[in-house]
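Hi everyone, thanks for coming.

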Amino acid sequence: MDTAQVFGALNIIGLFVFAVSGALTALRNDMDIFGVAMIAFVTGVGGGTIRDVLLGSFPVWWIAAPSAVFICLAGAVAATLAQPLIASRLKTLIWADAMGLSVFAVLGAQAALAAEAPAVIAIFMGAVTATFGGVVRDVLLNEPPLILKQDIYATAALIGAGVYVGLMALGLGISPSAVVAALVTFAIRAVAIIFNIPSPKFARPRKTEL
Amino acid sequence: MDTAQVFGALNIIGLFVFAVSGALTALRNDMDIFGVAMIAFVTGVGGGTIRDVLLGSFPVWWIAAPSAVFICLAGAVAATLAQPLIASRLKTLIWADAMGLSVFAVLGAQAALAAEAPAVIAIFMGAVTATFGGVVRDVLLNEPPLILKQDIYATAALIGAGVYVGLMALGLGISPSAVVAALVTFAIRAVAIIFNIPSPKFARPRKTEL
Amino acid sequence: MDTAQVFGALNIIGLFVFAVSGALTALRNDMDIFGVAMIAFVTGVGGGTIRDVLLGSFPVWWIAAPSAVFICLAGAVAATLAQPLIASRLKTLIWADAMGLSVFAVLGAQAALAAEAPAVIAIFMGAVTATFGGVVRDVLLNEPPLILKQDIYATAALIGAGVYVGLMALGLGISPSAVVAALVTFAIRAVAIIFNIPSPKFARPRKTEL
């Protein structure tokens with residue numbers, strides 16, 4: 001596969017799994033059919049949209065690529081049909097979200113590098129692309145943000161985007177850098193989810209003291 | 001009336017009623033005078049602003065049209081003066097919101113078509129323009145989003161935008177298409193509000209099971 | 001100091017104190033190290049980013065100025081190290097927020113004037129720049145917005161931006177206008193915080209009546 005194909009495939013995966021996560025959250029909130037479709041779409045394209053806006057790349061990418069709408073609709077339909085079959089919607093949501101996070105961290109960093117942003121901005125933009133679809137989903141649905149409740153979340157995206165930017169600086173090609181960085185991100189999230197690892201934190205302030 | 005006048009009038013109506021809905025929500029939250037004015041403005045212009053940003057139409061429309069500020073201020077003043085007179089702020093809010101939804105669904109779809117977006121994107125952009133002013137209002141004020149609590153809400157906007165795009169494709173003129181589509185949207189919302197009709201949903205997941 | 005230096009210094013102060021306020025809020029929410037850094041950055045650059053997007057000034061300013069990332073990181077580190085030493089995180093947060101509000105109200109109005117926006121839009125843009133970093137912080141962290149809980153908040157920013165636009169119209173130079181307007185904004189906030197002054201409000205609706 002050439003580079004465009006690798007990125008195209010990663011983008012489809014990211015859109016689909018984030019749409020699934022958006023649809024599952026909307027279904028939990030008893031939204032109607034069109035509402036579920038809309039939240040699925042916003043969750044799928046949200047991170048990349050904010051990235052495009054910040055980089056000044058207009059119109060944002062899905063305006064000219066309505067296939068994104070249909071991929072997200074497919075995610076919404078899949079989530080709706082699958083929900084009676086899956087034991088735990090919350091667990092499925094967390095894993096779908098982890099896959100989207102991994103893919104979009106790389107795609108966001110790549111888009112920023114392509115727009116000639118400095119390395120530190122590219123890493124940050126990877127994290128924004130990866131986390132803000134989920135943030136928009138949680139904000140629209142008034143849920144406590146998953147970015148807060150899950151340990152090593154934005155952290156995984158920042159590390160993954162950093163790995164991508166680092167491998168590119170070392171001269172590894174785009175496609176292998178992307179695949180390695182996405183796998184690293186996913187592995188970090190998977191370990192954190194499975195072993196429920198708390199992130200490194202400073203002394204915890206007690207809320208009552210504030 | 002020619003086309004520009006029809007759209008100008010619809011825009012003024014939409015701005016005013018969304019500003020009223022924003023001001024009523026801000027008043028419920030005990031905000032001060034300037035806060036009420038600011039929320040009224042953000043609610044009024046929010047949906048169209050997000051639409052302009054997504055389409056890459058800059059600067060966003062109200063930067064060069066400060067009359068939007070005064071229309072929204074008029075809505076804030078009207079809401080403030082009227083509130084002791086009206087029996088139920090919540091009911092008034094829901095109806096004002098329905099009018100704004102109907103008007104902005106059409107204006108959003110029209111702006112997207114004018115920017116040569118594909119039909120499916122134009123329909124989605126109608127729904128975004130119609131619903132995101134209210135979403136921004138609810139998010140800023142930490143209220144449970146009306147988009148969630150009200151049945152057939154985003155759905156009505158999607159159908160209205162779809163009717164507009166469909167009538168335009170059939171060759172009906174811009175003005176009659178706009179008026180018909182706005183009336184269809186409002187009729188759907190009105191029936192849903194009056195008869196409290198639930199939207200079509202799939203099997204409801206129980207929260208406790210998650 | 002010439003004008004560019006005055007504005008550069010004000011911008012660094014605003015970034016730093018808003019980053020501190022973002023980091024303190026993130027620490028209260030038990031976020032991990034990278035999460036704290038990310039929230040500090042988003043709070044620091046959020047208001048100016050929304051201003052740039054609305055004005056159509058792309059790419060947004062910090063893409064080409066990664067020093068903003070390091071200033072915000074310094075704010076996050078300072079907040080983290082200082083938190084065991086300070087008696088009340090909430091009080092520190094409110095004062096840091098007041099400084100950021102004062103500085104960004106002026107910078108926002110200035111940026112809008114530089115983009116040739118009308119005076120009323122420049123005043124509004126000052127308030128947006130000043131308040132939306134904090135709004136994004138509170139929305140991301142699911143906190144009740146400080147813009148709501150604090151009296152004379154958006155009001156102080158609007159007055160400060162108005163003073164700046166007024167002094168500029170009177171022909172006072174950019175630097176003295178900026179310093180005077182920022183001090184006026186801070187003084188208004190300080191009086192409101194110290195004396196806990198309620199804002200002028202209309203008859204309070206009772207929530208139960210709605």
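This is a predicted model: local features need pLDDT of at least 70, side-chain atom pairs count only at pLDDT 80 or more; totals for chains, interfaces and linings use all residues.

Residues are numbered from 1 along each chain as its sequence is written, chains are lettered from A and ligands numbered from 1 in the order in which they are written, and side-chain values use heavy atoms, leaving out hydrogens and water.

So, the record. An unreviewed UniProt entry puts "transmembrane region" on several stretches of chain A, including 6-27 and 119-140; such annotations may be inferred rather than shown by experiment. Residues 6-27 of chain A are 100% helix, with end C-alpha atoms 32 Å apart. Residues 119-140 of chain A are also 100% helix, and there the ends are 31 Å apart. Helices here are DSSP runs of H or I, at least four residues, numbered from the N terminus.

Now hop to chain C. Thr129(C) sits in helix H5, residues 119-140. Is Thr129(C) buried or exposed? Buried, because its relative accessibility is 1%, and buried means under 20% (exposed is over 50%, partly exposed in between, with a 1.4 Å probe and protein chains only). A polar atom of its side chain lies 2.7 Å from the backbone oxygen of Met125(C).

Last, chain B. H1(B), residues 3-28, packs against H3(B), residues 67-82, at about 45°, axes 7 Å apart. Those axes are lines fitted to C-alpha atoms over the stretch in contact, with angles from 0 to 180 degrees between N-to-C directions.

Technical notes:
Helices (H or I, at least four residues) and strands (E, at least two) are DSSP runs, numbered from the N terminus. A polar contact is a pair of N or O atoms within 3.5 Å; within protein, one must be able to donate a hydrogen and the other to accept it, and residues adjacent in sequence count only if both atoms are side-chain atoms.
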